Amino acid sequence: MAESERPRAAVQHLVLGAASFVELLGPVPGGSQWYVDFQTPDGKSWISYKCQTDELQDDIVGKVQSPTSDDDEKKAITQTGLFPFKIHLKNALAGTDTVMFAGKAKVATYVPDQNIPEYKGKREFYVEQDWRLPMGIVWLNPTMDENVPPLSISLWFKGVGGAKLDAFLIHNGQPVGTVEGYGSRAEGEIKTGVGDPQGSWGRCTFTFAKVRGFNKDTSANNWSGTYFLDKNPGDYEVRVLRNGKLARVVKFTVGADGWPSDNGIAANNKLGGIRKVVPVQIVGDLDVGYRPDSWKTDLMYGNLLTGFSAP
């Protein structure tokens, strides 16, 4: 498979022993088959899944999801540590079988509230995801309008269920866009069985409908009241309030073309696509049990990004 035809797999979500999935950017050519292999911490083969595989066009976000079956419980183990895994893309037409992503998921455990009778004497297993919190994604969202794309930023929060999230885009010290009252449910969630905030992570995407990268619209719409980034290049900041308290600060630069500029992380790590990785400052103590140094060892399941450093 030619380099230009290879999908740009970017792990977004993984839950061992359940319906695991990853998100990725196309293209994914016809005749392909995704499959995932897991090993135990001592390197022994554990479980393998063939996944639903959809053909994708270039730069289109897709999902690779493992199926669930009655055999899963038969293969369940009570073990913690680093579980190696590999995501393969096999293409019968091209005669190839390529490892698109390899990493190690850190499985940990904690004791849930023992005052709740059904949890008495039990432990909760989960895959450590704290590394996600200091890494954000910013881009112009062409799926909403490719001629006048709005600014979007995707951030992770710990124990976010039920929280009210308000995002503010700031330029030269002044707010130029807001997303207020984000819903109580995150768009992407990773939870333990008991839903304890210590083992619950949620991804939220804030799209600034009144902030657009540029205007290539040929219709009669004059886009009154819209803030255009290409007319206002420079340094920007997103601040997010969680239940009225400052929880996140993200800084990035916008070029004269209206696009968020690459700070070198995406290019140096050959991530491809239109989304840029931005460091996220975690403010306050609302993320229950957050380990601030987890990104140093666990980022992208052990695939540390060149040039990335949490604020």
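Start by selecting strand 11 and strand 16 (residues 234–242): seven bridges join them, and they run antiparallel. Zoom in on leucine 169, which stands opposite valine 238 in strand 16.

Before you click on, note that this is a predicted model, where local features need pLDDT of at least 70, side-chain atom pairs count only at pLDDT 80 or more, and totals for chains, interfaces and linings use all residues. Residues are numbered from 1 along each chain as its sequence is written, and side-chain values use heavy atoms, with hydrogens and water left out. Helices (H or I, at least four residues) and strands (E, at least two) are DSSP runs numbered from the N terminus, and two strands pair if DSSP finds at least two bridges between them.

Strand 11 (residues 165–171) is largely enclosed by the rest of the structure, because six of its seven residues are buried (under 20% relative accessible area, with a 1.4 Å probe and protein chains only).

Next, select the open sheet of five strands, ordered 4-3-6-7-8 with antiparallel pairing. Its edges are strand 4 (45–51) and strand 8, each pairing on one side only. At strand 4, find serine 45 with glutamine 39 opposite.

Last stop: helix 3 (residues 295–302), whose buried residues are Trp295, Asp298, Leu299, Met300 and Tyr301.

Conventions. Buried means under 20% relative accessible area, exposed over 50%, partly exposed in between (1.4 Å probe, protein chains only).
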